[in-house]
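Hi,

Here is the model I promised to pass on. Have a look at it first, and then read my notes below.

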Amino acid sequence: MGFRKKNKSPPVLSHEFVIQNHADMVSCVAMIILLGLMFEVTAKFAIMFITVQYNVTQTSEDKSEPVNFYHYGPKDIATVFFYMLIAIILHALIQEYILDKINRRLHLSKTKHSKFNESGQLAVFYLLSFTWGCSILTAEDFVTNPMFLWEGYPHNHMAFQVKFFYVCQMAYWLHALPELYFQKVRKEDIPRQLYYICLYIFHITGAYVLNVQWKQFTLWALLFVFTRLLTLTLSVLTFGFGLSRTDKQGFSLAEGNFNVLTVRMTCLSAICLTQAWMMWKFINFQLKKWREQTQLQASKKKAVSPKSRASKKDSSRGGSANGVMKPEDKTSPRARKPKAS
C-alpha cells in the first residue's frame, strides 16, 4: 500500500508504481490544496475544497443568537473530492498499521486475506458512522419525535454536522471505487463490491439531493434484519403516509420541493427493492453456510465410521491373542503322537 517500505522500485508511472505509492501521491494533492490557504490569490479557491459551503444564517424565536444552516449546491462536489482524498489516505493508514500486522500473525490465504482486509475496513467505517449518526439523532431529538422525518418538508436547511456527515459518507463510498484498483481486488470479487458501493452512493446521494436526509441515519444500526425492517417501516411511514399529508405538495426545483406522487413512489420502490435484495443475499448466504456445515458434519461421520469398525476388529483379535484358545491349540489325537513302546 501507500506508506510501505518497498524492496524493489518499479518503473515510474507503471501500474505497480501507482499501486505502491498511491497514498503518497494522494497526500501530495491534498497538501497542495491545503497550501492554497496560505496565499490570498488561491485561498478562495482552496477553501471551497476544505470547508462546508452554502451556509445560511437564520434567527429563531427560541434562541437570541443567529444559527448557521447549510444547503447543497455544485460546490459540494469539490468538498466531496477533497474528503475522498482524505479517505484514501486513512484507508492506507488503517491497512498498513492495523490490518497488515494482524494478517502477518494469522497467516491467512490470499482469498481470506482480501476478505479480511475488506471486512476490516468496513468494520471501522461502520463503527464510526454508527457512533456519529447516533450522536446526531440524539442531538436533534429525532428519537423522541420520529414525525420530524416528514414534518416541515422540504428540509432545505441542514445543521453543520448533518451536512458534514453526508459529505463524508459520499466521499467514503466514492473513494471505494479507485480502491478496487489500488487494493488489487480479484476480478471475481469486483462485481459483488461494485453492487453495494453503487447502492450506497445512489441512496445517500439521492437522500441528500431530495432533501430527505433524516431517513438515512437508520441504515447504521447494528442488527442486519432489524435494520432492514426498521428501514422499510420508516420509509413507508415517510414516503407513503407522512409526505402525502404535508401542506407543501408539488414539484419545484427552486424551493427544493420534490413532494409529488411519482417521486415518492420511485424512492419508496427503490428502497423496498434494495432491502429485499439485501435480505435475499443474506438468506442465501445463511443457507449456503448451513449446507456447508451439514456437508462437513456428514463427511466427518463417514470418516469416523470406518475407523470404529477397524478398532472393533483389532480389539477382537487382541482378545483371542490374550487368552482365548484357538481350535488348533486344543489337545487332539492328531496333535499328540502315541509314544513308542
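A quick definition before anything else: when I say two residues touch or are in contact, I mean heavy atoms within 4.5 Å. Keep in mind that this is a predicted model, so local features need pLDDT of at least 70 and side-chain atom pairs count only at pLDDT 80 or more, while totals for chains, interfaces and linings use all residues. Residues are numbered from 1 along each chain as its sequence is written, and side-chain values use heavy atoms, with hydrogens and water left out.

**Overall layout**

The protein chain has eight helices and four strands; helices here are DSSP runs of H or I with at least four residues, strands are runs of E with at least two, and both are numbered from the N terminus. Going from the N terminus, the order is α-α-β-β-α-α-α-α-α-β-β-α. Of the 341 residues, 35% count as buried, where buried means under 20% relative accessible area, exposed means over 50%, and partly exposed is in between (1.4 Å probe, protein chains only). Among contacts between residues at least 6 apart in sequence, 67% join residues at least 24 apart.

**Around Asp76 and Lys163**

This is the spot I'd open first. Asp76 lies in helix α3 and is buried, with a relative accessible area of 5%. Leaving out residues up to four places away in sequence, Asp76 touches Gln53, Tyr54, His71, Lys163 and Tyr208.

Lys163 sits in helix α5 and is buried too, at a relative accessible area of 0%. Lys163 and Gln53 are 110 residues apart along the chain, yet their C-alpha atoms are separated by 9.5 Å.

Tyr54, one of the residues Asp76 touches, is in the loop between α2 and β1 (55–58). Its phi is positive, about 65°, although Tyr54 is not a glycine.

Does the length of α3 agree or disagree with its residue count? It agrees: at 1.5 Å a residue, the 31 residues of α3 (residues 76–106) should span 45 Å, and the end C-alpha atoms are 42 Å apart. The expected span is 1.5 Å times one less than the number of residues. There is a kink of about 40° in α3, centred on Gln95; the bend at a residue is the angle between axes fitted to the seven residues ending there and the seven starting there. His107 follows α3 and has a positive phi, near 55°.

Helix α4 (residues 110–139) has 30 residues and reaches 44 Å from first C-alpha to last, close to the 44 Å expected. Its buried residues include Asn117, Glu118, Gly120 and Gln121, and what covers the buried residues of α4 includes α3, α5 and α6.

**Aromatic pairs**

Rings of Phe, Tyr and Trp (its six-membered ring) pair if their centres lie within 6.5 Å; planes under 30 degrees apart count as stacked, over 60 as edge-to-face and the rest as tilted. By this rule there are 16 aromatic pairs. One of them is Phe45 with Phe49, edge-to-face at 5.2 Å centre to centre and 65° between the planes. These two are four residues apart in helix α2 (residues 40–50), so about one helical turn separates them. Phe45 is exposed at 53% relative accessible area, whereas Phe49 is buried at 13%.

Tyr83 and Phe164 also pair edge-to-face, at 5.3 Å and 80°. Tyr83 lies in α3 and Phe164 in α5 (residues 160–182), so this pair ties together parts that are 81 residues apart in sequence.

**What the record says**

The unreviewed UniProt entry annotates "transmembrane region" over residues that include 29–57 and 77–99; such annotations may be inferred rather than shown by experiment, feature names are shortened, and positions are in the numbering used here. In the model, residues 77–99 are 100% helix and 0% strand, whereas residues 29–57 are 62% helix and 10% strand.

Cheers
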